[in-house]
Structures are given as structure tokens and as C-alpha cells.
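Reader: Could you walk me through how some of the helices and domains sit together here? I have the model open and would enjoy a chat about the packing.

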Amino acid sequence: TMNLMDNYSLYFCHVLSNSFYPVLQRAIGVGSAFEGWSPREQDVVYRVLIPMTPPRGHSFHLELDSAGQRHARNFRVRVQLECTCSREQQAEAMLCFLHHPEEELRRNQDPSLLATLCTGSYLDVQKTARWFYQLVRAIWPALPQSHNWHLVLLPSTRSCQFKVTSSRESFRIEMLFGVRRDDSAVFVSSQSREAHTASTIWPESYAVAEAEFFKHIARLAPPDSLHLKCLQFFTRLQLGLGFSTYTIKTIVMHLLNVLPVSSWCRRDLLERLQDIIDSLRLCVRAKRLNHFIVGNQRLPQHILLPPDVQTGGTYNLLRRLAQQPDAHAQAIHEYQVL
């Protein structure tokens, strides 16, 4: 998957080099497949996040959506035109969107990003997704993979999903896109949290920070570490019950952050499985499970977070249990079943 993404990246760079579309950076693998585990191997989706930076003559400004919920931070990406008159004097063949007449711009230069992928002044997720689909389809025949693999594009409004198949194998890939917050491991991403998310809303995503945490653990863990097997076991075990895969993953990340990596060896298997089930029981009873990234000041130092994410108050992933007595009773029942 990453080899395919690297090949796409080379062509993205070539095709978009003189355009006013977003500049696409190298893809980052995120999610369970790249973290080393998956709840069901037959349904693996290889998710990658492609960071975007503004093209020439543009800048991105992240604005927190005031209408968003306190627990689910959403942003808008405001696109602003920047003066390029000085660059033009340095022999860069570009007219300034701010200071050249509109007629001259229309006649001699491609439209700005505001006129292509934006709604008003804000970058539009759905327009960006359609643009990604066009890029992926157009570039595919030039890639070496196209000689032995077949590309099938899959429907999606907020990402670019496709399947590549050969005579022996098949892989499903989802290309998400986002804008990095400062120089941190936190992005605003095209992936939505709710069924109906406005096309100019970019939810804050911690997927890259979580993937970096799993890489950090992998570097420290002994060769016979079973932490991923424990996570995979529990996420498969509770399929069909009300506990989300993300709930189990969060519990395991908290345990990995406080227990020595040496305590996840084969001889410790039963103890660690007991720790996970005990943690779930305590969380269900307390109706509380703190988010692993937000407000966590015990993360490895190389996982950089924006100050408002690192020092801000964490939020409760099980807040629904605290708000709805019926949901809490159901969770207790499902824990007993589990």
C-alpha cells in the first residue's frame, strides 16, 4: 500500500507542480492495519492520511467551529489569497491574485483555489474528495501497478476509496486528507464523526498521534510481546456487542502507557487479558473512559501535540452512559455477556 502511495505521490507532485490546487505531501499510514492489528482480517481497510499544504499565493487558516460540541472539536479551513507581487519580480511566472486585474487573471492564469475546491472562503471536503477521485483515476494508467492490478473506485463523499485486485490478492484503500495543526501530530481531517457532517467541517483527528504511539511501543517491546494480539483478541471478541473497537483500543493504549513493555510477554498473557477486562468493567461502572490523546501529558515527548490538545481537559468517551440510564444498563448487561 505504501509503495503504491509513494508512486502516486511522485505523480501528484509532477501533475500539480504549477497548479493552484493543494500541495499533497507523502501519505501517512493510520488506523488498525498500520498499527499492526485489525479486528477482522478479511475486512482490512488500509487507511492513509495525505497532508495538504496551500499552493502558491494562498494560505490556510484553521478556525474552530463555535457551533461544534465541546467533546468533538471541529474546524473550518479558511483559504486566504496572499500577495505574490515580489515573487513575480523574481521571475516566477505567476500573476498576483490580489493585485492583477480580474480580466488579465482570467485570460492568462488558472483560477485560484477559492474558485475550485472552496465553498465561500472555506475548503470544501466533498469538492476535495471529487478532485482526489479524478486525480487517482487519471494517474493510475501511468503507475507500474496498473500492469498487474485492476483499479475499482468505491463511492465516498469525504475520502477517496478504491480497491486494487490482482489474480491472487485484493486490497481496499481509503485516502483521507487533512491539514496539520502547526508542526504537531494532530490534523484536521476529512474523516467525519457523524452521519451528516457539513462539507466545510474538518473534524480534529488524532489518528497520526495514535499511530506514532504504536510505533513507539513497537520500538521498545520485546520480540515476543503480545500487546497487539491482546488488542486484536478483545476487538474480535466483542464484535456484535455495544462496545466500540475504539473503546477497547483506548483501554489498551492507556495500559500500554502505564505498564512496562516487558510485562506484555507471552508468560504475562492471562494477566494482561485480565487487566483489559477489569479496566472495561471499571469504566462501565464509572461511566467514564478518558480519551487517550486529548489532555494526556504522559505521552512520549516526540509525539507533538498542540498546547490546547495536550493541556486541555480530556473528554469522556463513555459520556453517553452517564447521560442515558438505559444505555448504562445495557452496557452492564453486555459486559456480563462479554
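Reader: Which word describes how α7 and α8 run relative to each other?
Author: In this predicted model, where local features need pLDDT of at least 70 and side-chain atom pairs pLDDT 80 or more, totals for chains, interfaces and linings use all residues. Side-chain values use heavy atoms, leaving out hydrogens and water, and numbering starts from 1 along each chain as its sequence is written. Helix α7 (residues 227-237) packs on helix α8 (residues 245-258) with axes 9 Å apart and an angle of about 155°, axes being lines fitted to C-alpha atoms over the stretch in contact and angles running from 0 to 180 degrees between N-to-C directions. Angles under 35 degrees count as roughly parallel, over 145 as roughly antiparallel, 65 to 115 as roughly perpendicular and the rest as oblique, so α7 and α8 are roughly antiparallel.

Reader: What is the orientation of α7 to helix α9?
Author: Happy to take that one! The axes of α7 and α9 (residues 269-286) come within 10 Å and cross at roughly 50°. That angle therefore makes α7 to α9 oblique.

Reader: How many nonpolar residues does the contact of α7 with α9 have?
Author: C230, F233 and F234 in α7 meet L269, R272, L273, I276 and I277 in α9. Ala, Val, Leu, Ile, Met, Phe, Trp, Tyr, Cys and Pro count as nonpolar, Asp, Glu, Lys and Arg as charged, and the others, Gly among them, as polar. By class there are no polar residues and one charged, while the nonpolar residues number seven.

Reader: And α8 with α9: at what angle do they pack?
Author: The residues making this contact are T247, I248, I251, V252 and L255 of α8 and D275, I276, S279 and L280 of α9. They divide into six nonpolar, two polar and one charged. The axes of α8 and α9 are 10 Å apart, and the angle is about 115°.

Reader: Zooming out, what area is buried between domain 1 and domain 2?
Author: The domain assignment, from an automatic or database source, gives domain 1 (1-206) and domain 2 (221-337). Their contact takes 17 residues from domain 1 and 19 residues from domain 2. Buried area is the accessible area (1.4 Å probe) that two parts lose on being put together, summed over both. Carbon and sulfur atoms give 61% of the buried area, which is about 1,600 Å².

Methods
Helices (H or I, at least four residues) and strands (E, at least two) are DSSP runs, numbered from the N terminus. Contact means heavy atoms within 4.5 Å.
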